[in-house]
Amino acid sequence: MQITSKSQMKRICCQTGRGDWMDWHKITIPYKEVSLKFNKCSHFYNNNICKAACCRDENLMEVPTLSDEWAYLWKRMKKDNLRGTIERNMITSSHVCSFFKNNFCSLHNTKHKPFGCRMSPFTVHNDKLIVRSKYKKLICCTSKGEPAYEVFQSSLEALFGDSYRGIIENLSFGKDIEVLIEKRILSQIDDINSLRLKRDGSL
Ligand code: SF4
Ligand code: SF4
């Protein structure tokens, strides 16, 4: 679907009960980008193949957090005596994330999993939904997999809420689409992107 004008945005917001159109921003989802193929995450795949490479780094693993996320994570790190630090909204630890336990994210399926992790592998840059460069280099990014927009449905949900189902359906037609994203979410994405860019210049 192409959203071509402000009046169309106003109409869509009104018809879908999305409130004030001023709270929304139009971005493009390039079909080719979000159709990059990935293997599905699973306990078996994590344990035996990928070793959750997305939660690791050969040097420092740095995980950006939002300003309303880090206080809980800091307390949890102290309470559970986890290694690593949180400074300027960035969790830092050597090689693997502080919250990685038994080959799995100990925050998975909790409201405390950082937004930057929940939206990954996607981010928004220059008004386009893209796959982060780190994920394009992972072992799970393989031509034998399935499109990113199908494998990472929960990441689309973190970004677009309930609209994610319609987005997946529209992408199945094999074309770029234009969608509305809440400005509040876009601002959180910008905060995470800034932390990542300060870290090593990549998203
Ligand atoms: S995103 Fe890739 S590397 Fe990370 S847990 Fe899933 S399959 Fe493994
Ligand atoms: S918080 Fe969880 S998903 Fe995010 S890097 Fe750490 S272990 Fe991985």
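**Fold and ligand shell of the predicted model**

Buried residues account for 22% of the 203 residues in the protein chain. The model is predicted. Its protein chain contains 10 helices and 11 strands.

Overall dimensions were computed from the C-alpha atoms. Along the principal axes, these atoms of the protein chain fill a box of roughly 55 × 40 × 30 Å. The radius of gyration is 18 Å. A compact globule of 203 residues would have a value near 17 Å, so the protein chain agrees with that expectation. Contacts were then examined by sequence separation. Of the contacts in the protein chain with a separation of 6 or more, 68% join residues 24 or more positions apart.

N39, C41, Y45 and N46 are among the residues around ligand 1. C50, A52, A53 and C54 also belong to this group. L138 and C140 complete the list. By class, the shell holds 8 nonpolar and 2 polar residues. No charged residue is present in the shell around ligand 1.

One residue, N170, was examined individually. N170 lies in helix α9, which spans residues 164-171.

Methods
Residues numbered from 1 in each chain as written. Chains lettered and ligands numbered in written order. Predicted model: local features only at pLDDT ≥ 70, side-chain atom pairs only at ≥ 80, totals over all residues. Near = placed C-beta within 6 Å. Nonpolar A, V, L, I, M, F, W, Y, C, P; charged D, E, K, R; others polar. Helix = DSSP H or I, 4+ residues; strand = E, 2+ residues; numbered from the N terminus. Rg over C-alpha atoms; globule rule 2.2 N^0.38 Å. Buried ≥ 20, exposed ≤ 12 C-beta atoms within 10 Å, placed from the backbone. Contact = placed C-beta atoms within 7 Å.
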